[in-house]
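Work through the exercises below with the sequence and the model at hand. Try each task before reading its solution.

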Amino acid sequence: MRSPHIRDGLPRDAPGVIAVDIAASDLFRPTGLLSEDALGDHVSADAINAAIDRGLMKVAEVESGDVAGFLMGSVQDGGLYIEQISVSPDFGRRGIGTALMNTA
């Protein structure tokens, strides 16, 4: 696998971002650290699209066109605040999170 392409998020990425968020949350299920409510809570399409509109959503796209990870931010006190960064477990431990952070 080549390195994923980090790019600005697009509205068409919302389903992929949600899928990555859910898959990444499932990693915590066996730990018991998060409630079922927390595990079932994911970033909304509205929040994704708001971040996209503000230019504060980056996605890691793999060769298939799938979203392998994302970084969603906001502006707080005049600076970038990272709201969430997640990578699909299928693409974990390959430097995608680091690449997203470096892009931010």
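**Exercise 1.** Is Phe28 buried, partly exposed or exposed?

Solution. The model is a predicted one. Start with the location: Phe28 sits in the loop between helix H1 (14-26) and helix H2 (36-40). Next, take its relative accessible area, which is 42%. Buried means under 20% and exposed means over 50%, with partly exposed in between. Phe28 is therefore partly exposed. Finally, look at the surroundings: Phe28 belongs to a nonpolar surface patch with Leu27, Leu33 and Leu34, and together they have about 410 Å² of accessible area.

**Exercise 2.** Find which parts of the chain the salt bridge between Glu61 and Arg12 ties together.

Solution. First, check the pair: the side chains of Glu61 and Arg12 meet at 4.0 Å, N to O. Then place each residue: Glu61 is in strand S2, whereas Arg12 is in the loop between S1 and H1, so the bridge joins parts 49 residues apart in sequence. Now compare accessibility. Glu61 is buried, at 17%, while Arg12 is exposed, at 55%. Last, widen the view: a network of salt bridges links Arg7, Arg12, Asp13 and Glu61.

**Exercise 3.** Which elements give two or more residues to the largest nonpolar core?

Solution. Begin with the members: the core has 13 residues, and those touching the most other members are Val17, Val43, Ile48, Met57, Val59, Phe70 and Met72. Two or more residues come from each of H1, helix H3 (45-53), strand S2 (57-61) and strand S3 (67-76). H1 gives the most, with four residues. A further core of eight residues lies apart from this one, and includes Ala60, Val87, Phe91 and Ile96.

Terms used:
Residues numbered from 1 in each chain as written. Predicted model: local features only at pLDDT ≥ 70, side-chain atom pairs only at ≥ 80, totals over all residues. Heavy atoms only, no water. Patch = residues over 30% accessible without salt bridge, like charges linked within 9 Å, V, L, I, M, F, W, Y side chains within 5 Å. Areas by Shrake-Rupley, 256 points an atom, 1.4 Å probe, with all protein chains shown as cover. Buried < 20%, exposed > 50% of the residue type's maximum accessible area, 1.4 Å probe, protein only. Core = buried A, V, L, I, M, F, W, Y, C linked by side-chain atoms within 4.5 Å.
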